[in-house]
Amino acid sequence: MFTIYFFSFSLWLHSIYGHEYNWLSLAMSSSSYYSPKHRAAHTLDKNNYRLLCDRLPGLNPVQKTMCEQHPLAMPSVARGARDSLYECQMKFKNERWNCSERFEVHNNTVNGNFHQDLLGTTIRAGNKETAFLYAITSAGIVHAITRGCSTGNLTVCGCDNQPGNQRYTEVEPTTAAGKNQNQFTWDGCSDDAAFGVRFAREFLDKYEKQQFAATHDVSHLMNLHNNFVGREAITQNMRKHCRCHGVSGSCEFKTCWLQMPKFSEVGEMLKQRYNHFAVQVAKRAKKKLRRKERSERKIPLRGNEIAYINRSPSYCERNDKLGIYGTRGRECNQTSLSSDSCDLLCCGRGYDTREVRRTVQCHCKFVWCCHVKCKECTENVLVHTCK
């Protein structure tokens, strides 16, 4: 009986204080919070790491345990959070939802630390924007951890010594190819994306699985699927780069290595999934997500489809409860036919026009060697802002 009451009490606490777990808060935390210099060798070192991880904001219990086990990886995790948020803002800068929201500062009920609940309302909304955030942040951890392995910043991993086991696409070599162009040997430092995937899966998925087992809330299945989509955006697009060796570019033999796509490219892939491959799923599920459309229930979700439960708001008007800024005061493009057009961005409310004086670079010339020299010019431009 005590176990049942305790379990119910735990679920009630999670429903109230669930917002205290938002690892994206690491993007705003000071690097002084996580600067371990040595691998833990003694109990005292492990205790210090435990105290250090307690200071990091927004981590759930699983992530805190991983922090204690891999303290040197946490700066890479924070870098992944920052890169993800930056890429999100770049991809949505001209849309009604521009990857920003009003956020609150919450007190951690366990250790008294404060953290900023970055995009927390959107993360818990279960809509298309939620799906994109989970996908891009999952990809961000994979990319940052893998890069840390390749650059030697992480001691628990390194270059992949068996890159042929990874999926990859061919990239044409920059030098002329000879008759032996299909013969090559693996050499150099191949990105070990498999390690980054394993780390990201444990860091993000384990807690979601625990919560689904405890609550059967389908949003946890949605989060798991979108985490998978983010990881796949990297592993499906690993590229084989090669260098030719031989006399006068004859390419007698080639050495090749695997490299991740640039994170801006990953962001563009996921934005295309948001635009064209977003699937609404049913609000109930036993083990797997199901499409909401009954006629499509038997079609499983694919790895290039992001999943969402609830329809998104219009994001036109300010709503402090939902953390929505609205589009009033946003600059729009009068001549555009895309999402940044004044008609779409201003939601039919109209827009104001004013003339402003701006300083721009002009009369640029290439100076040998090797930089571009520009003058500064002032010009009057018309700026349109939503009413």
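Q: How many bridges join β10 to strand β11?
A: This is a predicted model: local features need pLDDT of at least 70, side-chain atom pairs count only at pLDDT 80 or more, and totals for chains, interfaces and linings use all residues. Residues are numbered from 1 along each chain as its sequence is written, and side-chain values use heavy atoms, with hydrogens and water left out. Strands (E, at least two residues) and helices (H or I, at least four residues) are DSSP runs numbered from the N terminus. β10 runs antiparallel to β11 (residues 371-386), and the number of bridges joining them is 15.

Q: Which residue in β11 is the bridge partner of V356?
A: Two strands pair if DSSP finds at least two bridges between them. In β11, the bridge partner of V356 is V381.

Q: Is C99 buried or exposed?
A: C99 is in the loop between α4 (74-91) and β1 (105-107), with a positive phi near 60°. Most residues other than glycine have a negative phi. Buried means under 20% relative accessible area, exposed over 50%, and partly exposed in between (1.4 Å probe, protein chains only). At 2% relative accessibility, C99 is therefore buried.

Q: Is H216 buried or exposed?
A: H216 has a positive phi near 60° and is found in the loop between α7 (193-215) and α8 (218-235). Its relative accessibility is 55%, so H216 counts as exposed.

Q: How many of the 18 residues of α8 are buried?
A: From its first C-alpha to its last, α8 reaches 26 Å, close to the expected 26 Å; the expected span is 1.5 Å times one less than the number of residues. The helix is mostly covered, and its count of buried residues is 17.

Q: Which residue has a side-chain oxygen within 3.0 Å of the backbone nitrogen of S219?
A: The backbone nitrogen of S219 lies at the start of α8. The side-chain oxygen that reaches to within 3.0 Å of it belongs to D217.

Q: Which residues are in contact with S138, leaving aside its neighbours within four places in sequence?
A: S138 is found in helix α6 (residues 128-151), and at 0% relative accessibility it counts as buried. Contact means heavy atoms within 4.5 Å. With those neighbours left aside, S138 is in contact with A200, L204, N227, G230 and R231.

Methods
A polar contact is a pair of N or O atoms within 3.5 Å; within protein, one must be able to donate a hydrogen and the other to accept it, and residues adjacent in sequence count only if both atoms are side-chain atoms.
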